[in-house]
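Look at the model below with its aromatic rings in mind.

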Amino acid sequence: MCDYCMPIEPFDMAFHAEHGIKHLSFHAYLRHQNIGVPSSSASSSSSTYVPPLEEVSYRVKTPCPSGHHAPWPAGICTKCQPSAITLQRQPYRMVDHVEFVHSSLIDHVLDIWRKTATQRFGFLLGHYEPYEKVPMGIKAVIEAIHEPPQAGEIDGIELGLPWDDEPRITSLAAQCGMSIVGMIYTDLEVADPSHTDASLAGLVACKRHADSFFLSGQEAIFAAQLQAQHKNACRWTESGSFNSKFVTCVLSGNPEGDIDVSAYQVSEQVMGMVDADMIEASVHPTTIRVKPNDESRYVPDVFFRYTNKYGIDIKENASPTFPVEYLLVTCTHGFPTEPKPALLVVHLPDRESPGPAGPDARACLAWSSHTPNAS
């Protein structure tokens, strides 16, 4: 083949720019790094094989590989201390698209907010499929939402994690071919709390936008903690895992006053920084605070780069705070044109007498007929 007839590479930046794709898919990123491509190099079964991917770690190595001094905090050297960190936007994303199989999944969460005016939280149950609109893309298909025990407030949610019913829900999801693939929560407020302006009736406030924030520092840290609990299996690392496919979805108001879904992930850098206990939420939602050094933690120098209004590349110290946007990865979202949910909610008539499901039973879950091995 020549340059004119050979297919476009999945990491071709011109193709991504033309179609408005912000990030490489994970497998396109691996192809770009020449990982997994057949070559004459040592295979994974060879004794000389070195995994090409390495999980980010900002912890002090204990004991020190040199063995010449006492372990931290009694001593530290260049062999065991983490290197300086330069924050940069992650070029790839583990999940490219989040697809809700039916709008009723979102409607149920919104109904609770409309009745109580308190925020709600739920775990997304589903599976992963190829995503055709992104080269070598992956999408998370959401089949159900489980809401764990929680105390909703007007401006937040109180959760108890880990929740007691998690093993049972995880087991039931596995029997249906699903797993926990992410979380969703509301951040909604009516546009006119006084209910005096008729033009704002039925609209919600837009609190998350380019001039405000998309995910707060506290939310980014929480997302990093849950992503660390749901690692992605990967054969190209020594540990057998790399990053995470766990997604974070937020139900909030858009600039038009409508309720919209936004889907995000946080980068592997913030996962490593949270694991090393280096960062914490600040009082301003757009920034994250770098913790100071003490006897329990070693925090290396942290920097971030940006281009100023004159087009000059600036490298700035991230201490004490830095923008949350350096840690976010945006995913697209949507609904299928022809919904085919694997699980359907079947409404039952009111029972006049107690039955096996109890006198207050109103609905049950059932397999849809198109599901393979339906029962």
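Two rings of Phe, Tyr or Trp (its six-membered ring) pair if their centres lie within 6.5 Å; planes under 30 degrees apart count as stacked, over 60 as edge-to-face and the rest as tilted. This structure holds 11 aromatic pairs. The model is predicted, so local features need pLDDT of at least 70, side-chain atom pairs count only at pLDDT 80 or more, and totals for chains, interfaces and linings use all residues. Residues are numbered from 1 along each chain as its sequence is written, and side-chain values use heavy atoms, with hydrogens and water left out.

Start with Tyr92 and Phe242. Their ring centres are 6.4 Å apart and their planes meet at 25 degrees, so this pair is stacked. Tyr92 lies in strand 3 (residues 92-93) and Phe242 in strand 11 (residues 241-244), so the pair ties together parts 150 residues apart in sequence. Strands are DSSP runs of E, at least two residues, numbered from the N terminus. Both Tyr92 and Phe242 are buried. Buried means under 20% relative accessible area, exposed over 50%, partly exposed in between (1.4 Å probe, protein chains only). Ring pairs also link Phe26, Tyr29, Tyr92 and Phe242 into a cluster.

How is the pair of Phe100 and Phe335 arranged? Their centres are 5.9 Å apart and their planes at 35 degrees, so the pair is tilted. Phe100 is buried, at 0%. Phe335, at 41%, is partly exposed.

Now for the charges. A charge sits over a ring if NZ of Lys or CZ of Arg is within 6 Å of the ring centre and within 35 degrees of the ring normal. Lys245 lies over the face of Tyr128, 5.7 Å from the ring centre. The charged end of Lys315 sits over the ring of Phe303, 4.8 Å from its centre.

Note on methods
Helices (H or I, at least four residues) and strands (E, at least two) are DSSP runs, numbered from the N terminus.
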